[in-house]
Amino acid sequence: MAIDRSAKARPKNLRKTLKHFLKYIGKHSRLLFVISILVIIPAVSQLYGTYMIKPLINTATSNGDKSELARLCLIVAGVYLTGVTSAFIYMQLIARFAQVVIYDMRRDLFNHIQELPIKYFDTHSYGEMMSSFTNDLESVTDALNNSFATLIQYFVQIVGMGVILFLFSWELSLVVLGFYFIMFAYIMYSGKKSKLYYSRQQKAMGELNGFADEILRGEKTIKSFTSEKDVIKTFVNKSEELEKASASALTYGNSMVPMVVFLSYLNYGIVTVLGGLMVISGRISDIGTLSSYLIFVRQAASPINRLTGNINSLLNGLASMERVFNLITLEPEIDQGKIEIVNVDSSMTEVKEKTGYYAYKDEKQLIKFNGNVKMENAIFSYVSGKVVINDITIEGEAGEKIALVGSTGAGKTTIVNLINRFYDVDEGKVTVDGINIKDIKKDDLRSVIGMVLQETHLFYGTIEDNIKFGKLDASHEEVVAAAKLASADSFIRRLPQGYNTVLTGDGENLSSGQRQLIAIARVAISNPPILILDEATSSVDTYTEQLIQKGMDMLMVGRTTFVIAHRLSTVRNSSAIIVLENGRVLESGTHESLIKSRGKYYSLYTGKTELT
Ligand SMILES: Nc1ncnc2c1ncn2[C@@H]1O[C@H](COP(=O)(O)OP(=O)(O)OP(=O)(O)O)[C@@H](O)[C@H]1O
Ligand SMILES: [Mg+2]
């Protein structure tokens, strides 16, 4: 019997998980039915084959009738052949079944993750989500492939053998049962003990892997601090711990198998002697029955062993399944907005294609879209009790550039998160053209807001593809025009492969300034009426800074723009500058008026204080 090495791999709510699972397999109920039938056949054929030993031996030892022997042999061959054939077929069908079920699960998992609110991504690690896609789906596949069918097959075999054994001789079967009971108790007892060693081993392994993962990701930092030697030392220590834990776990685990083997041989020996005596005394009718009986006893060990092994893999699969289902059933992003934003032509008629003109559409009418954004008395906290936005009012009209400045952690990015509804305000409201953004469909709202995020993310693919992400059906000319607008064209052209340069892992082969330029081009191509630019904090060289500045300025023309600037030189020409501190508006006004009032902005601008 296998030892349970996965101390934690147990589903917490088995019923709920199974109910959800039924939905997935329900769709393939016909295939499942065929598999269930096919699975029973090999089990029954093996039982029958072993049972046939009795008439075979009896015929051979009594009259030796050759034609009768040949007939029996043919039957046995036929029975085994049927068993093997159906096993072959059901294995193929099960592999297919597992794949279609996993396909559905994988698709649902991915689709659902796309619907989750930003809050989820802010509070869960990438590794955690990734592990559901890799480890969890893999162990569900394993369980479906290996455990599920064999479980049925072995169950049928064990029950069948039990019945036959008792029918042949109940006295001998009681002895056999007694031995199995002892073996089972022994395995349970030592399984429990070895679980302790195995969980120690797992913990050590988890720590070692976690350490290696962290170090490999931070290799640049480690080299720059020349900490390689320390890191190696820690790694060796952790490796040694794992080695010790594994050694004791294995020593213990491996001592169990010989013991169980010894017990089963002892059982076999005793039953053989007792059985022989019973044939002599006439309590068992013939030698054929005893032979068949003894073979059943030998065979019984195998399905019992495998069944316990498979139960572990099955439970493991169920626990993984539960984690996947928990993700799939997480509350998606709520969208109660009813008002749509549609494209219109110059005579305010709704059109399908992108015109650059928009209108709000509710049940009755089309209302012109202007793009006046207003945040009124907003209060917000990510974590309850820690207010991050404290009664903020900001307004930006179409064509205006509103600059948000303030030290790190002041709440600038948070304001942006509230405008495009990555998060919702706790109190107060955000409106566009007087309409509360909660009443606008989220997708529509986001499609009229272009964002250059503080942390640019570029995808694996060419530069052209990355810019096209803002407008999937854009032509090459549009891509170039957008890049020109964003002042990205000249550096892209200087790359050996130009627009076809393939960006690897988040654009690591570009400088951070270049990454931002591409992000700006990506927004430029989507031509949104509202623009939000969250400047990257990482400093770029003066030349690139000027490029970014130029790119942004070109992009801002005619749009409502919110700029989060870390360099005050870039905000001078804003319609309004808002100075934030600790989630509050400290002062606001034009560059001139703020300089005149000699407050925080003045001291920041004149270099008396620095933005931190
Ligand atoms: N996802 C989050 N969960 C919890 N707290 C957060 C989260 N994001 C930001 N905060 C907190 O909210 C506050 C404001 O953060 P925000 O990102 O808005 O600052 P910021 O002004 O954009 O700073 P920076 O100039 O460094 O970009 C900080 O105290 C920060 O710790
Ligand atoms: Mg920020």
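These notes cover helix geometry and helix packing in a predicted model.

1. Conventions. Local features need pLDDT of at least 70 and side-chain atom pairs count only at pLDDT 80 or more, while totals for chains, interfaces and linings use all residues. Residues are numbered from 1 along each chain as its sequence is written, and chains are lettered from A and ligands numbered from 1 in the order in which they are written.

2. Helix α6. This helix (a DSSP run of H or I, at least four residues, numbered from the N terminus) covers residues 126-168. Its 43 residues should span 63 Å at 1.5 Å a residue, and the end C-alpha atoms lie 60 Å apart, so the two agree. The expected span is 1.5 Å times one less than the number of residues. α6 bends by about 35° at S132 (the angle between axes fitted to the seven residues ending there and the seven starting there).

3. α4 against α6. Helix α4 is residues 66-115; its axis is 9 Å from that of α6, at an angle of about 155°. Axes are lines fitted to C-alpha atoms over the stretch in contact, with angles from 0 to 180 degrees between N-to-C directions. The pair is therefore roughly antiparallel (under 35 degrees is roughly parallel, over 145 roughly antiparallel, 65 to 115 roughly perpendicular, the rest oblique).

4. Contact residues. Y90, F97 and R106 are among the α4 residues that meet α6, whose side includes M129, S132 and F133. Contact requires C-beta atoms, placed from the backbone, within 7 Å.

5. α7 against α9. Helix α7 (residues 170-217) and helix α9 (residues 228-281) have axes that come within 9 Å and cross at roughly 170°. That makes α7 roughly antiparallel to α9.

Definitions and conventions
Helix = DSSP H or I, 4+ residues; strand = E, 2+ residues; numbered from the N terminus. Contact = placed C-beta atoms within 7 Å.
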